[in-house]
Amino acid sequence: MAEKIAERILITQPEAIFRAVKVLRSSGVVAIPTDTLYGLACDATNFTAIEHMFFIKARSPWKPFAICLAGIKDIPSYALTQHLPTGLLEKLLPGPVTVVLNSNCESEVDKHCHKDGKIGIRVPKHRFIQELVTALGKPLALTSANLSGSRGVVSCDELEEEIWKRIPIIFDGEEQQFNFNDNGHPEGYRDGSTIVDLSEKGKYCIIRTGLVEAQCNTLWILRKFGFKDKMDNKSNPIILEQR
């Protein structure tokens, strides 16, 4: 008997969102394109689904997943934002940036999306993801669609065989669009999102560098708003698995 592998569906197909929501509501995991790397996603409030996503990636559950929201207006439901200046989040998002903030203790998000009282939040600049989160009515837990320790992927064709075997559906966003350098290679195309900790008033900490343009833009915005680099931070920063 042939081994079962994931079904491949173009995100432009009319039934794509419906099919994705059906899988997510049944504690499933799907592969989706984002504005950076290909991602694995599940319902961020579903413990069973998140446990399964750890299995799919073949990793131990020590690093939290970022959550993905449909819009900036949803962030206060999952994180504390009162200390941030008006307009900052609107300048940073949507886009290839993960903001780390202090968690809203009333949030229903699973514990594997929190660490040390903080949570990482993405609002990708990608219509399919925004529509998917809206249709699901819950945040997504989001991580890169590769086995732990492997390089990130930017198309369905690059997904590892084990990924194809462990999930029911892969949503094909076709080729990602990148800016190419003089050598003909996309600039930073294997990088995920820039992860920046904004949990402390007036200070920032870059936890992970991402796409070059996004990182530079993030730093420019933060400094324009008067933020200072948290150089004296002695604790280990939260590390998020993703994108």
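The side chain of aspartate 43 makes a polar contact with the side chain of threonine 45 at 2.7 Å, a polar contact being a pair of N or O atoms within 3.5 Å of which, within protein, one must be able to donate a hydrogen and the other to accept it, residues adjacent in sequence counting only if both atoms are side-chain atoms. The model is predicted, with local features requiring pLDDT of at least 70 and side-chain atom pairs pLDDT 80 or more, whereas totals for chains, interfaces and linings use all residues. Residues are numbered from 1 along each chain as its sequence is written, and side-chain values use heavy atoms, with hydrogens and water left out.

Aspartate 43 is located in strand β3 and is buried, its relative accessible area being 5% (buried means under 20%, exposed over 50%, partly exposed in between, with a 1.4 Å probe and protein chains only). Among the residues touched by aspartate 43, leaving aside those up to four places away in sequence, are Leu24, Ile50, Leu136 and Ala141, contact meaning heavy atoms within 4.5 Å.

Strands (DSSP runs of E, at least two residues, numbered from the N terminus) form an open sheet of 11 members in the order β1-β8-β2-β3-β7-β4-β6-β5-β9-β10-β11, with mixed pairing; two strands pair if DSSP finds at least two bridges between them. The edges are β1 (7-10) and β11 (228-229), each of which pairs on one side only. Strand β1 pairs with β8 (residues 169-172) in the parallel sense over 4 bridges, and isoleucine 9 stands opposite phenylalanine 171 in β8.
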